[in-house]
Amino acid sequence: MIIITATGNAGRDAEHRGNDRGPVVFSLAISRKDRGTNEKRSDWYDVACFGILRERAMKVTKGARVFVMGCEEIKTADDGREFRSIVV
């Protein structure tokens with residue numbers, strides 16, 4: 001299990017998924033400069049909030065600056081693409 005602490009900008013408004021106990025989900029863009037070429041890059045994560053943090057996460061709007069800390073999950077699709085998420 002990898003614990004990640006990240007600060008970035010919300011890529012979309014938070015939305016409630018599933019039943020009453022389902023997560024609140026939003027995307028998070030983390031911008032950084034590539035060391036070799038000095039180009040700006042953005043890494044995208046899907047953030048899923050559970051428990052008592054769901055209510056607070058519903059206030060996240062597109063473009064808002066967000067700080068999150070949680071477990072990082074990386075899933076690989078059949079075509080080789082990686083999908084990254086942070087579970088809070």
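The legends below describe close-up views of a predicted model.

**View 1. The largest pocket of the predicted model and the residues that line it.**
The largest pocket has a volume of about 240 Å³, and its lining is made up of Phe26, Cys49, Leu53, Arg56, Ala57, Lys59, Val60, Val66, Phe67, Val68, Met69 and Val88. Grouped by residue class, this lining holds 10 nonpolar residues and 2 charged ones, with no polar residue among them.

**View 2. The secondary-structure elements around the largest pocket.**
At least two residues of the lining of the largest pocket come from α1 (53-57), and at least two likewise from β5 (65-76). Strand β5 provides the largest share of that lining, with 4 residues.

**View 3. The second largest pocket and its lining.**
The second largest pocket contains about 170 Å³ of space, and the residues that line this pocket are Arg17, Val25, Asp46, Val47, Ala48, Glu73, Lys75, Phe83, Arg84, Ser85, Ile86 and Val87. Two or more residues of this lining are given by each of β4 (40-49), β5 and β6 (82-87), and the largest share, 5 residues, belongs to β6. By residue class, the lining of the second largest pocket divides into 6 nonpolar, 1 polar and 5 charged residues.

**View 4. A nonpolar patch on the surface, formed by Met1, Ile3, Phe67 and Met69.**
Together, the four side chains named in the title belong to residues with about 550 Å² of accessible area. Phe67 and Met69, which take part in this patch, are also listed in the lining of the largest pocket. Met69 is located in strand β5, and Met69 counts as exposed because its relative accessible area is 52%, where exposed means over 50%.

Ile2 belongs to strand β1, which covers residues 2-10. With a relative accessibility of 48%, Ile2 is classed as partly exposed, because that class lies between the limits of under 20% for buried and over 50% for exposed.

Conventions
Residues are numbered from 1 along each chain as its sequence is written. This is a predicted model: local features need pLDDT of at least 70, side-chain atom pairs count only at pLDDT 80 or more; totals for chains, interfaces and linings use all residues. Side-chain values use heavy atoms; hydrogens and water are left out. On a 1 Å grid over the protein atoms alone, a cavity is a set of points where a 1.4 Å probe fits but cannot get out, and a pocket is an open set with protein on both sides within 12 Å along at least five of seven lines; lining residues have an atom within 4 Å of a point. Grid points are joined across faces, edges and corners, and a volume is the space filled by probe spheres set on the points. Ala, Val, Leu, Ile, Met, Phe, Trp, Tyr, Cys and Pro count as nonpolar, Asp, Glu, Lys and Arg as charged, and the others, Gly among them, as polar. Patches are made of residues with over 30% relative accessible area and no salt bridge: like charges are joined within 9 Å, nonpolar side chains (Val, Leu, Ile, Met, Phe, Trp, Tyr) within 5 Å. Accessible areas come from the Shrake-Rupley method with a 1.4 Å probe; for residues, only the protein chains shown count as cover. Buried means under 20% relative accessible area, exposed over 50%, partly exposed in between (1.4 Å probe, protein chains only).
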